[in-house]
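Let's take a walk through this model together, one stop at a time. Have the viewer open and follow along.

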Amino acid sequence: YQAGCWDRNSEQCRILQVAAKMPIPEEVLSKVGSLPDLTEMDKDSLATLVRQLYDRSCQVFGEHFDAQHLVKKHELEITELEMEVNDMQGKFIIPQLKKVAHHYAGEE
């Protein structure tokens, strides 16, 4: 019996069984850490653990959102610059020349 697996033939049950056998990547373990043995915990310590995991997940989702926002901002800037470059291709604008009074040091 798996948690959240009411019908042994359901797709959800198969997914949970496969996920339980998969190793947890090192990157995830370094951020999240390993879970303690839940069978030996009382109700109060479980509630504390759930609160800690919730706070950690909120922090990770916040970091994820910030990173996504930054990526979208950079992509928008890149798109704008690409549009400017495409508009300028084939067009060379000759800069306006300023008239300069000719003063030579040797002549007066």
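Start with Val32, which is partly exposed, at a relative accessible area of 40%. You'll find Val32 in helix α2, the run covering residues 26-32.

Now zoom out for a moment. This is a predicted model, so a word on confidence is in order. The mean pLDDT of the protein chain is 77, with 80% of the residues at 70 or more. Helix α1 (residues 11-21) is where confidence is lowest, at a mean of 72, while α3 has the highest, at 89.

What is the fold built from, helices or strands? The protein chain has three helices and zero strands, and reading along the sequence gives you the pattern α-α-α. As for burial, buried residues account for 4% of the 108 residues in the chain. The chain exposes about 10700 Å², and 61% of that comes from carbon and sulfur atoms.

Next stop, helix α3, which spans residues 43-88. Which residue pairs with Arg51 in a salt bridge? The partner is Asp55, and the closest N and O atoms of the two are 3.9 Å apart. That separation qualifies because the cut-off for a salt bridge is 4 Å. In general, side chains of opposite charge can pair when their charged atoms come close. Both Arg51 and Asp55 sit in helix α3, four residues apart, or about one turn of the helix. Neither end of the pair is hidden away: Arg51 is partly exposed, with a relative accessible area of 48%, and Asp55 is partly exposed too, at 42%.

Glu84 is partly exposed, with a relative accessible area of 47%. On the surface, Glu84 gathers with Glu77, Glu80 and Asp87 in a patch of negative charge.

Note on methods
Residues numbered from 1 in each chain as written. Heavy atoms only, no water. Helix = DSSP H or I, 4+ residues; strand = E, 2+ residues; numbered from the N terminus. Buried < 20%, exposed > 50% of the residue type's maximum accessible area, 1.4 Å probe, protein only. Patch = residues over 30% accessible without salt bridge, like charges linked within 9 Å, V, L, I, M, F, W, Y side chains within 5 Å. Areas by Shrake-Rupley, 256 points an atom, 1.4 Å probe, with all protein chains shown as cover. Salt bridge = Lys/Arg side-chain N within 4 Å of Asp/Glu carboxyl O. Lys, Arg positive; Asp, Glu negative; His and termini not counted. Charge placed at Lys NZ, Arg CZ, Asp CG, Glu CD. pLDDT = per-residue confidence, 0-100.
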